[in-house]
Amino acid sequence: MARGQLRDAASVLDQLRREQPGHGAGLRMAAQCAALLGDAEGCRDAAQALLATDPLGAWGHLAMAAWCIMTRDDAGAD
């Protein structure tokens, strides 16, 4: 991600999610990468996984907010 190779990073992060579905740092990076790519579905998936592993943590809610913005889901944002 730091080198701007977002698609490659997304592929690696997807593999990490399959191997270690509760990996917090990997989920946060997957959500960030998906948001930067404009991948609403990937952002939502990462957000849901983050919320499942840490429902009170900010990252899941931030990722879900990014999904709401990308999909123009004003009701969901509320």
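**Helix 1 against helix 2**

I started with the crossing of helix 1 (residues 6-19) and helix 2 (residues 24-37), whose axes come within 9 Å and cross at roughly 145°. For this I took helices as DSSP runs of H or I with at least four residues, numbered from the N terminus. The axes are lines fitted to C-alpha atoms over the stretch in contact, and the angles run from 0 to 180 degrees between N-to-C directions. I noted the crossing of helix 1 and helix 2 as left-handed, meaning that the near helix is turned anticlockwise from the far one by less than a right angle.

A word on the source: this is a predicted model, where local features need pLDDT of at least 70 and side-chain atom pairs count only at pLDDT 80 or more, while totals for chains, interfaces and linings use all residues. Residues are numbered from 1 along each chain as its sequence is written, and side-chain values use heavy atoms, with hydrogens and water left out.

Next I listed who meets whom, with contact meaning heavy atoms within 4.5 Å. From helix 1 I found L6, R7, A9, A10, L13, L16 and R17, and they meet G26, L27, M29, A30, C33, L36 and L37 of helix 2. Sorted by class, this contact has 11 nonpolar, 1 polar and 2 charged residues. Here Ala, Val, Leu, Ile, Met, Phe, Trp, Tyr, Cys and Pro count as nonpolar, Asp, Glu, Lys and Arg as charged, and the others, Gly among them, as polar.

**Helix 1 alone**

I checked the length: helix 1 has 14 residues and reaches 20 Å from its first C-alpha to its last, close to the 20 Å expected at 1.5 Å a residue. The expected span is 1.5 Å times one less than the number of residues.

Which residues of helix 1 are buried? I found L6, A9 and L13, where buried means under 20% relative accessible area, exposed over 50%, and partly exposed in between, with a 1.4 Å probe and protein chains only. Seen down the axis, these buried residues of helix 1 fall within an arc of 55°, so they line one face; the arc is that of the directions from the helix axis to the C-beta atoms. I remembered that an α-helix has 3.6 residues a turn, so residues three or four places apart point the same way. Helix 2 is included in what covers the buried residues of helix 1. On the other side of helix 1, I saw R7, V12, R18 and E19 exposed.

**Helix 2 alone**

I found G26, L27, A30, A31, C33 and A34 buried in helix 2. They cover an arc of only 165° around the axis, which puts them on the same side of helix 2. What do the buried residues of helix 2 pack against? I found helix 1, helix 3 (40-53) and helix 4. Just after helix 2, G38 takes a positive phi of about 75°.

**Helix 4 and its end**

In helix 4 I noted G60, A63, W67 and C68 as buried. Their arc is only 145° around the axis, which puts them on the same side of helix 4. L62 and I69 are exposed on the other side, and I read a relative accessible area of 67% for I69.

Last, I looked at R72, in the loop between helix 4 (58-71) and helix 5 (74-77). Its phi is near 55°, a positive value in a residue other than glycine. R72 is exposed, with a relative accessible area of 72%.

Technical notes: Helices (H or I, at least four residues) and strands (E, at least two) are DSSP runs, numbered from the N terminus.
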